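The sequence and the model come first, and the description follows.

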Amino acid sequence: MINEQDLVRACQRNDRKAQTAFYNMYKGKLMGVCRRYARSKEEAEDIYQEAFVKVFNNIKSLEKPEAVGAWVRKTVIHTAINYYHANLKFQQNTDYETVVLSNDDYPNILATLSNEDLLALIHQLPDGYRMVFNLYVIDGYNHNEIGQMLGISENTSKSQLSRAKELLRKQLKKLGIVSYERIQ
């Protein structure tokens, strides 16, 4: 079996078989990332395809093949954000000003959910909230970075995260996953 770094070097030489193997190797790992940012499975597939066009167009510039995993993941995330921006005009605007803001231990609660359950809950969030939630909670970006990526202020990022958490909290409560006392 060929190692990942040799596969990268073969892709840098435009080896089509290596590109197919590389694409398939990452599909299982990163399609979940695409699904978190997309509104549908089809959208996630479009994002993944578009990301890998970028990967293959830029793989020759990758100087450290051992860093390919982080580089590909970052490319997929940025492609998802760009896809979001490109389709923003088609998304509905919803007024969530009445949502109550609060804090709690989301990583602990979310860790008790299966990936499928978590994905289903995240998909119920409005698009902007979903983007900020994914970037902050799951992908580890800070509010300043999120603001720059999404073209919003740092405070808007913080507000959208709080609102996303509150909407998730309400969904978790409806599902009986957390008690009222735990979500205060």
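## Overall build and confidence

The chain has nine helices and zero strands, and, when read along the sequence, the chain follows the pattern α-α-α-α-α-α-α-α-α. This is a predicted model, and of the 184 residues in the chain, 44% count as buried. Among contacts in the chain between residues at least 6 apart in sequence, 69% join residues at least 24 apart.

The average pLDDT of the chain is 81, and 81% of the residues score at least 70. Confidence in the chain is highest in helix H3, at a mean of 94, and lowest in helix H5 (residues 106–111), at a mean of 53. Over residues 89–107 the pLDDT stays under 50, and for this stretch the model has 28 contacts beyond four places in sequence. The pLDDT also stays under 50 over residues 179–184, for which the model has nine contacts beyond four places in sequence. Where pLDDT is low, the predicted coordinates should not be read in detail.

## A cavity and a pocket

Rolling a probe the size of a water molecule over the atoms shows where empty space is left. How many cavities of 30 Å³ or more does a search of the whole structure find? The search finds one, and this largest cavity has a volume of about 60 Å³. Of the 12 residues that line the largest cavity, the closest to its centre are Tyr 37, Glu 43, Tyr 83, Tyr 84 and Arg 130. The elements that give two or more residues to this lining are helix H3 (41–58), helix H4 (68–86) and helix H7 (127–138), and the largest share, three residues, comes from H4.

The second largest pocket is lined by Gly 32, Arg 35, Arg 36, Asn 115, Glu 116, Leu 118, Leu 119, Ile 122 and Ile 138. Helix H2 (16–37) and helix H6 (115–123) are the elements that give two or more residues to the lining of this pocket, and the largest share, five residues, comes from H6.

His 123 is found in helix H6. Why does His 123 count as partly exposed? The reason is that its relative accessibility is 22%, whereas buried means under 20% and exposed means over 50%. Leaving aside residues up to four places away in sequence, His 123 touches Arg 35, Arg 36, Ala 38, Arg 39 and Arg 130. One of these residues, Arg 39, is 84 residues from His 123 in sequence, yet the two are 6.5 Å apart in space, C-alpha to C-alpha. Two others, Arg 35 and Arg 36, also belong to the lining of the second largest pocket, while Arg 130 is one of the residues closest to the centre of the largest cavity.

## Helix H9

Helix H9 (residues 154–174) has 21 residues and reaches 30 Å from its first C-alpha to its last, close to the 30 Å expected at 1.5 Å a residue. Its buried residues include Ser 157, Gln 160, Leu 161, Ala 164, Leu 167, Leu 168 and Leu 172, and charged residues such as Arg 163, Lys 165, Glu 166 and Arg 169 are buried in H9 as well. H9 is followed by Gly 176, whose phi is positive, near 75°.

Notes. Residues are numbered from 1 along each chain as its sequence is written. This is a predicted model: local features need pLDDT of at least 70, side-chain atom pairs count only at pLDDT 80 or more; totals for chains, interfaces and linings use all residues. Side-chain values use heavy atoms; hydrogens and water are left out. On a 1 Å grid over the protein atoms alone, a cavity is a set of points where a 1.4 Å probe fits but cannot get out, and a pocket is an open set with protein on both sides within 12 Å along at least five of seven lines; lining residues have an atom within 4 Å of a point. Grid points are joined across faces, edges and corners, and a volume is the space filled by probe spheres set on the points. Helices (H or I, at least four residues) and strands (E, at least two) are DSSP runs, numbered from the N terminus. pLDDT is the predictor's confidence in each residue, from 0 to 100. Contact means heavy atoms within 4.5 Å. The expected span of a helix is 1.5 Å times one less than its number of residues. Buried means under 20% relative accessible area, exposed over 50%, partly exposed in between (1.4 Å probe, protein chains only).
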